[in-house]
Amino acid sequence: MTTSTDQKTKFPPQIKVPATYMRGGTSKGVFFNLTDLPTEAQVAGAARDALLLRVIGSPDPYGKQTDGMGGATSSTSKTVILAKSDKADHDVDYLFGQVAIDRPFVDWSGNCGNLTAAVGSFAISNGLVDSSRIPENGIAVVRIWQKNIGKTIIAHVPITNGEVQETGEFELDGVTFPAAEVQVEFLDPADGDGAMFPTGNLIDDLIVPTDVVAGGVLQATMINAGIPTVFINAAELGYTGSELQEAINGDVKALAMFETIRAHGAVQMGLIKHIDEAANRQHTPKVAIVAAPVDYTSSSGKAIDKNTIDLNVRALSMGKLHHAMMGTAAVAIGTAAAIPGTLVSLAAGEGQSNAVNPGFVTFGHPSGTLKVGAEASQVDGDWQVNKAVMSRSARVLMEGWVRVPADPLMSES
């Protein structure tokens, strides 16, 4: 006869981990305070990855993440770990984990620009920002150290009566309801360990298999600003740049083609040594197609007038066309648009670039439009970007605890 003690040994109870479920920009994810994690998961490694995978509900061969907090898309299969920063002139350390849906893999290779908008709010509400830096009413300036990429980000968080103001009138295409505006500045977003353009060129011949494109060569701008991104002219792949998700995500051959382009771009950018390594680096680089402005109807039914945008961009994340635009990819778009001679700048009309909003570029994406600004300059023949700026919003969706089955890798602290 099986005793209750035997049952507990064979099937240990679930553990509770304090967590907050937040939307940031057009993404959402599970946020943790580092010190709230089980001891084994407070350091990088197998225990941390196992915990986050189970929280999100991966790997899921059904692709639904039904038994976890994930939403079965790249925009909703995300985790964030925050800690009070011991780095000078910074308030909080921000670590982002992109959780694969169908594989037991957490990608730590890049940042999530959308969830960055929620980092300042979480940090303030959870005591990670010194109270002297938080006004009773006004804007709190939160200095974020992005640990994945080693960069500084500044979030401007609205405060009312000493608390984070989440509600407001700011509308963001890709998000259904309005909220308070959070301005985010990405300082010196280019790769600190290498050139903004890893190949040294504004436009390269990207060598790909001939079944991808006749002749096996695509023009590409490969940039590392915000996040490594490979830009391709939409027309070269038979697209207009105004496509919505179903046009690409429902096409198995198209998705395979984009993944092949991404893998070869990763090699040419020096991110990996062989295309086979791309499977273990799903988060970066991103692949995006660019085109001159055209009229189109967004996924919400909103008519987008070509005269209100500088160009159209469609980007893929974790193997699928994104429903809007990744925040980090928006940084790459803004930066590349500010540099004459890139495919992004050329698609925006070069001399006419930023005509809609001087100092900014406004681009169309599947859910609508987005405006991003970048300050780029040339020093000793090399391009550099001082900062990129965009507005997002953030909101707490739920807070309390997430529960996960106890596991040898995740014993309760």
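The legends below describe close-up views of a predicted model. Local features need pLDDT of at least 70 and side-chain atom pairs count only at pLDDT 80 or more, while totals for chains, interfaces and linings use all residues. Residues are numbered from 1 along each chain as its sequence is written, and side-chain values use heavy atoms, with hydrogens and water left out.

**View A. Strand E7 (residues 151-160) and its pairing partners.** Helices (H or I, at least four residues) and strands (E, at least two) are DSSP runs, numbered from the N terminus. Two strands pair if DSSP finds at least two bridges between them. E7 runs antiparallel to strand E6 (residues 138-146), with 9 bridges joining them; Arg143 has Ile154 of E7 as its bridge partner. E7 also pairs with strand E9 (residues 182-187) in the antiparallel sense, over 4 bridges, and here Ile153 stands opposite Phe186. Of the 10 residues of E7, 9 are buried, so the strand is largely enclosed by the rest of the structure. Buried means under 20% relative accessible area, exposed over 50% and partly exposed in between (1.4 Å probe, protein chains only).

**View B. The hairpin turns at E7.** Between E6 and E7 the hairpin has 4 residues, and Gly150 in the turn has a positive phi of about 65°. The hairpin of E7 and E8 has 2 residues between the strands, and Asn161 in that turn has a positive phi of about 55°. Strand E8 (residues 163-164) is joined to E7 by 2 antiparallel bridges, with Ile159 opposite Val164.

View C. Thr79 counts as buried, at 0% relative accessibility. Leaving aside neighbours within four places in sequence, Thr79 is in contact (heavy atoms within 4.5 Å) with Val30, Leu52, Ile56, Leu95, Phe96, Gly97 and Val99.

**View D. The 2 aromatic pairs found in the whole structure.** Phe31 and Phe122 form a tilted pair, 5.8 Å centre to centre with 35° between the planes. Phe31 lies in strand E2 (residues 27-33) and Phe122 in helix H3 (residues 113-125), 91 residues apart. Both Phe31 and Phe122 are buried. Tyr239 and Phe258 form a stacked pair at 5.9 Å centre to centre and 20° between the planes. Rings of Phe, Tyr and Trp (its six-membered ring) pair if their centres lie within 6.5 Å; planes under 30 degrees apart count as stacked, over 60 as edge-to-face and the rest as tilted.
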